[in-house]
Amino acid sequence: MDELKFRRQAYENPNNQDADFLRQVDAKPENQAFVNELKNLDAKLCNALKIGVPEDLADKLILRQQLQQHHKQRRRTGFLMAMAASIAFTVGISFSLLRLGPVDLAEHALAHVYHEDIALHLDQHVDFKQVNARLASLKDFGNAKFTQQPGKVYFTSYCDFQGVKSLHLVLQGEQGKVTLFIVPLEKRMVLDQTFADSQYQGIGFETADAFILLVGEDKSDLNYVKNEIKNIFI
């Protein structure tokens with residue numbers, strides 16, 4: 001089980017008894033600590049939600065799952081945003097919960113590169129018009145588009161940044177390949193201008209309609225692609 005799938009299942013149900021999930025929990029001490037924190041939060045939320053509910057609203061008791069889905073975790077700082085809820089149910093009211101907490105774009109970008117490593121080995125011969133068509137299908141990008149071909153594009157696909165549908169591209173850099181993520185602007189997004197781990201480096205910047213994240217093994221490739229798309233992505 002990859003890291004992203006594990007974390008999604010943990011947020012959804014930290015008491016998951018699936019064998020693959022349990023093996024991932026036991027694989028790393030930090031995974032155990034992460035799941036234990038979610039279990040503690042789950043218990044607190046259950047206590048907070050022990051409120052008398054009219055029988056005719058029984059089908060609306062999905063709050064526990066919604067709270068788990070919308071809870072955010074920043075792994076770097078170990079910060080866990082806990083939401084204490086006290087909600088009175090009334091006949092005829094529909095409940096809509098906003099996702100809360102910051103989303104570390106750099107962390108998610110690196111995780112996506114590892115999770116979708118196959119993208120670096122494909123060549124779909126992508127035309128910039130195909131990329132623009134995908135951008136146009138996503139309502140949160142406004143009129144964002146490429147005005148011309150951003151060099152060689154090997155791969156394009158949709159991806160998910162903590163519930164926000166985004167675009168994933170692989171482009172040719174000066175020497176090697178560069179992964180490009182185009183993410184709709186949201187206030188809860190946290191964008192680092194530079195980031196890195198033991199294998200990859202990354203840079204991020206903001207346009208009028210999107211966050212742009214570039215990930216590659218060589219910084220010169222990142223700067224090459226950044227300069228390339230800054231002039232043709234509007």
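Start by selecting Phe 195 and look across to E9, where its bridge partner is Gly 202. Keep in mind that this is a predicted model. Now show the whole of E8 and E9: the two run antiparallel and are joined by 3 bridges.

You'll have 6 strands in an open sheet, ordered E4-E5-E6-E10-E9-E8 and paired antiparallel. Check the edges: strand E4 (153–161) and strand E8 (194–196) each have a single partner strand, so one side of each is left without a neighbour in the sheet. Turn the view and you can follow a twist that averages 20 degrees from one strand to the next.

Now bring in H5, which packs on the sheet and touches E4, E6, E8 and E10. Its direction makes about 50 degrees with that of E10. While you're on helix H5 (residues 105–115), pick out His 108. Is His 108 buried or exposed? With a relative accessible area of 13%, His 108 counts as buried, because the cut-off for that is under 20%. Leaving aside residues up to four places away in sequence, His 108 touches Val 103, Phe 161 and Gln 162.

Last stop: the nonpolar cores. The largest has 25 residues, and those with the most contacts inside it include Phe 146, Leu 180 and Ile 229. Helix H6 (128–137) and helix H7 (219–230) are among the elements that each supply at least two residues. Click Leu 180 and its contacts include Phe 146, Leu 167, Ile 212 and Ile 229. Then switch to a second, separate core of 22 residues, with Leu 110, Ala 119, Cys 159 and Phe 181 among them.

Definitions and conventions:
Residues numbered from 1 in each chain as written. Predicted model: local features only at pLDDT ≥ 70, side-chain atom pairs only at ≥ 80, totals over all residues. Heavy atoms only, no water. Helix = DSSP H or I, 4+ residues; strand = E, 2+ residues; numbered from the N terminus. Buried < 20%, exposed > 50% of the residue type's maximum accessible area, 1.4 Å probe, protein only. Contact = heavy atoms within 4.5 Å. Core = buried A, V, L, I, M, F, W, Y, C linked by side-chain atoms within 4.5 Å. Pairing = 2+ DSSP bridges. Axes fitted to C-alpha atoms, helices over the stretch in contact; angles between N-to-C directions.
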